[in-house]
Every structure is written in C-alpha cells, then in structure tokens.
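This report looks at how two chains meet in one model. The sequence and structure come first, and the description of the interface follows.

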2 protein chains.
Amino acid sequence: MKRITFLLVVVATLAGVFADMGPASGQSDKQAVPAFVTTIPPGYRDWRLISVAHEAGNLNSLGAVLGNDVAIKAYREGTLPFPDGTIIAALHYRHAPSEENDRIFGRPQSFVPGPATNIQFMVKDSTKYAATGGWGFGHFQYGKPADATFMKPCFPCHAQEKAHDLVFTRYAP
Amino acid sequence: MKRITFLLVVVATLAGVFADMGPASGQSDKQAVPAFVTTIPPGYRDWRLISVAHEAGNLNSLGAVLGNDVAIKAYREGTLPFPDGTIIAALHYRHAPSEENDRIFGRPQSFVPGPATNIQFMVKDSTKYAATGGWGFGHFQYGKPADATFMKPCFPCHAQEKAHDLVFTRYAP
C-alpha cells in the first residue's frame, strides 16, 4: 500500500497536476477548487501573433499575445466561444525606454521590451476547467507557476469579458 | 521600336519594378538609385514574433515585429550580418487606449492596437539592395507602397545601427 501511495505521488508530481486537479478530485461542484495551468505549454514561442499590448501604471508592461493553431483559427474565423484546445499566451516584458533608439531618432519616443516579467496562458478545456468558465489560467515567472492565492483574481476579472468568452485580447489584423 | 518600348513599360508596370530597378538599371554604381520593396511579401502575418515596440510622440504607434524563418533562425543564433533571404516585418497600429479594459481594470492603463497605420519590411538581398547596405526597405499603407521621396530617409537612419546590421529591433525572449 505504501508503495502504491509513493508511486501515485511520483506520478502526480511528474505530471504537475497537484494544483491542477480541480473538480475531478472528488469534491462536489459547490466546493470546486479552481484548476490552474501549472506547466508551460511547449512550443508557445513559435506560435503566431494575435496582438500586442501596453499596460501602463503599476504593470508598466509591453506584451505580445500569441496563439496556438486552434486559437489563431478561431480568432480569424470569429469563432466564439473558443473551442477546446485553444491556448493563448501573453508574453510580458518591462516597458523600457530605448536609449539607443532615442539617440538615433533624436528624441525620447521609443519603448522596447525590457526584461521578461511573466508569461501568462489561457487554456480552453471546458471539462477540466469547468469551474472557471472553461478556461485554465496560468502565470509563470522565471518558469515557475504562481500559487493559488495569486491566481484567484484571474477568473472573476476575466468573467467580466463574458461577451468575448472571457478573453480581453482582440485580433490585430 | 515604339511597340517594344510600350511592351517594356507594360511589363515594368505590371511587375512594379520601377522604383525597384536599382543599380541593375544600367547606371554606374556612383549614380545607383536605391531599390525599395514595392510588393508585400506573402504570408508575413503567419510569421513568428521577433519583438514588440511602442513609439510615443508623433508616431504614437504600437507594433509587432515578425520574421520569416530565415530571420528567426538568424536572430536566435545571433547571426550577423543577417543572411540573404531574411525578411523582417513591422506591423504598426495606432497606440490606442482601451476603454473596455480600463473600465474593467478600474483605471486608465490599457493600450491596444487601434487602426493599422502601416506595414514596413526589411528584405535582405546583398546584390539587389547593394546600394542600401544589402537591405531593401518597404513601407505600405492600405496595401500601397510609399514613393521614393518618402523612402529616402530609411537607409541613412538605419545605417546608424551598423553594429546590428542596420536593424533596430532585438529579439524578445
């Protein structure tokens, strides 16, 4: 018995599913613990562009939003809600002035990606992430996922974008 | 003879090579007319991300910089100068506040792509574009290329980025 438990722990750890078990963990729907994305989807840096974004204020970020093939197809065809399998990646960098560009342009105007700050994902799986509108939210800093407390505000904020299936970003032509 | 001239004019117009003839037009190197990119490289919207950019001031633009496979490989491997076949695309949009996002976030902070303003290209062909450092520059608005007068400042400005083979944009990880 001890050996089986150990094996289960190993398997669960390897799969990174601890924070990711959600409603499937045997709890009732009422007590559903939100599932988050705890592993970085492979190959995301090769995905195609959905759009770009600049968040001023405290966030002070410059970002690129990329989508896997399912996401790009849904965006281009205007499919809502996004189908299962959609993954959207937001690559965030510090919004940094470029002294080099400004010197050549002769005026302060140019902002470029500074150090990478975080990468966020939205993964559509209407079964696994049923408790959060079918979307699994992920936030990674230096390759490590944020904890459940950090992730708690993602869903209620995105839920306000119900008309666009909880996704803020629109497709840039 | 008249007929041949007419045919040549038709062919040249169809190919859109008037502004693109460069040194190959029979002039000596000293009088070389810079060649510009006058046709939009096909498929550029499916290319992978190099970086993002925000130009404040008069430009007021938010942009995505994409690269074809040759460009992405060169960037990732740090190859300089960029090899022939490299194409870099800069998709520019107006840097527009998002009222919708700001309302949900509870503060003015969010800037997204407004209307597309222009698309620019840098095409590396060390023979065709020998007069401008091996790079052909292109600027398109509503699908139409800018004229030679508009394009004139591209090369002297980019030439100031000699240490990075005339390319301002660095790769965002």
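## Terms and basis

Two strands are taken to pair if DSSP finds at least two bridges between them, and helices (H or I, at least four residues) and strands (E, at least two) are DSSP runs numbered from the N terminus. This is a predicted model, in which local features need pLDDT of at least 70 and side-chain atom pairs count only at pLDDT 80 or more, while totals for chains, interfaces and linings use all residues. Residues are numbered from 1 along each chain as its sequence is written, and side-chain values use heavy atoms, with hydrogens and water left out.

## Strand pairing between the chains

Strand 1 of chain A pairs in the antiparallel sense with strand 4 (residues 110-124) of chain B, over two bridges.

## Extent of the interface

Contact (heavy atoms within 4.5 Å) links 37 residues of chain A with 37 residues of chain B. The two chains bury about 3300 Å² between them, 53% of it on carbon and sulfur atoms, where buried area is the accessible area (1.4 Å probe) that two parts lose on being put together, summed over both.

## Charged pairs

By the rule for a salt bridge (a side-chain nitrogen of Lys or Arg within 4 Å of a carboxyl oxygen of Asp or Glu), six are found across the interface of chain A and chain B. One of the salt bridges joins A:D46 to B:R76, with the closest N and O atoms 2.7 Å apart.

Note on methods:
Chains are lettered from A and ligands numbered from 1 in the order in which they are written.
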